[in-house]
Amino acid sequence: MGRVVITSAAYLGDVAPYIPIGRRLVEAGHSVTFVAPAGFGSILAAEPFVHHHYGVDFSAASMHADPEHTRLMRHPLANTPRLAKYWLKRSYLDDPAAVEQSIARALEAADVLVTHPAVAMISLPLAYEADVPGVVGHLFPMLLPTERWTPSMPYGFQAPRVVNRYAWKAYDLFGKLAFPEAEINDLRRRTGMPTRDGAAVSAYRDAAETVLLTSSHYAPPANDWPPVTVAGFSIWDGPADAAVPAELDAYIDDGEPPVLVTLGTSAATDAGARFARIRTDLAARGLRSIVLAGNEANAAALGGQPGVVPFAPLTKLLPRCRATVLSGALGSVAASLQAGIPMVIHPQLWDQFWHGRQVTRLGVGALARNVRHVASSVDSVLGDEVARAAGRLARAIADEDGSAAVVGAVERAMAGSR
């Protein structure tokens, strides 16, 4: 059996899809080291693999304590270029030596690397230097180039092929400007990997195999995508020892099935007032709600109201709810799709807008760009038509297993490197 290193960082939605992959690798007999920031230590502590510190604490908890992150997340769409620079600064440039040394130590004697596509800009060159093949678990179908549509940043559209082609060139230029690509190419030079344009935004192309962790029923692939396996979602069911808090359990049982409201960890930055507005507007329409507030500060902003907790395992709650209000992060969208629950996407970041349009196109949810429209959007998805569409899609994806597909890619990479 092999020794596998997993690397991810940033928000919980960036780390969570790789936890079931780690579990499945251990079940298959492999030893796993999960490289993630210290801020995820409590979540990873009960898992059957080793948690290895990333080198810097580029985690949601650390970012939520940073006034600069709070300021940028007040207008995240307008601040997308600044956020890109902020994320690279926090994930690497604050202390490149610490990050490189931490990942390099984890890769010593490893057989395969599994990595988040953004962290791949750092981890794949280090794996190349260590002669370790890499597998990317990709989370962003909207960032795979094709002549069929333009990039989703956040508003993609279909145009003539020549327009789409030049739009992707512009996206590559955006990546070159938004991320300090010179530092990434310097890392590639030092590790013996060829430098190239797009070294930051398309590092996944250097992997032995890329597995897209979405469903073809949800994100139909383009026939000219780069080589990628569309495998199905990798859905995290919460920490191994997590349970629904007793007070939340009692609240759900004490009335009609509620609407579940959660904005993940990125969109939940300083979101107490937004949670309160959504809950008040839903109550005005006679709809009960539960709120997973993301952190203690957001929960406190709701003044001790019943049905509000910082965190509870989403997959355990969804079967007891009638609809969800989500930020549009992939993990919560995937869990709602699997449960067949109608959803409303209230997005903050560019990829979340894509998911909002996608659930609308498929008839399983709605997009609410403004907090004022969330409650009315919830009303719009509570009918039988949306519920039937959500149920059909849930049945279509029921047998897919993105985690198992990554395990297969890891074992193929091991076999190919021997």
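Author: Helices (H or I, at least four residues) and strands (E, at least two) are DSSP runs, numbered from the N terminus. The model is predicted: local features need pLDDT of at least 70 and side-chain atom pairs count only at pLDDT 80 or more, while totals for chains, interfaces and linings use all residues. Residues are numbered from 1 along each chain as its sequence is written, and side-chain values use heavy atoms, with hydrogens and water left out.

Reader: Is His75 buried or exposed?

Author: His75 is located in the loop between helix H5 (67-73) and helix H6 (80-93). Buried means under 20% relative accessible area, exposed over 50%, and partly exposed in between (1.4 Å probe, protein chains only). The relative accessibility of His75 is 54%, so this residue counts as exposed.

Reader: Is His355 buried or exposed?

Author: His355 belongs to helix H16 (residues 350-361). Contact means heavy atoms within 4.5 Å. Leaving aside neighbours within four places in sequence, His355 is in contact with Met142, Tyr218, Gly328, Leu330, Val333 and Ile345. Its relative accessible area is 0%, and therefore His355 is buried.

Reader: How are the axes of H8 and H10 oriented to each other?

Author: Axes are lines fitted to C-alpha atoms, for helices over the stretch in contact, and angles run from 0 to 180 degrees between N-to-C directions. The axes of helix H8 (residues 120-129) and helix H10 (residues 181-190) come within 9 Å and cross at roughly 10°. Angles under 35 degrees count as roughly parallel, over 145 as roughly antiparallel, 65 to 115 as roughly perpendicular and the rest as oblique. H8 is therefore roughly parallel to H10.

Reader: Which residue of S5 is the bridge partner of Val114?

Author: Two strands pair if DSSP finds at least two bridges between them. Strand S4 (residues 112-115) and strand S5 (residues 134-138) run parallel and are joined by three bridges. They belong to an open sheet of seven strands in the order S3-S2-S1-S4-S5-S6-S7. In S5, the partner of Val114 is Val135.

Reader: How far apart are the end C-alpha atoms of H6?

Author: The expected span of a helix is 1.5 Å times one less than its number of residues. With 14 residues, H6 should therefore span 20 Å, and the separation of its end C-alpha atoms agrees with this: 18 Å.
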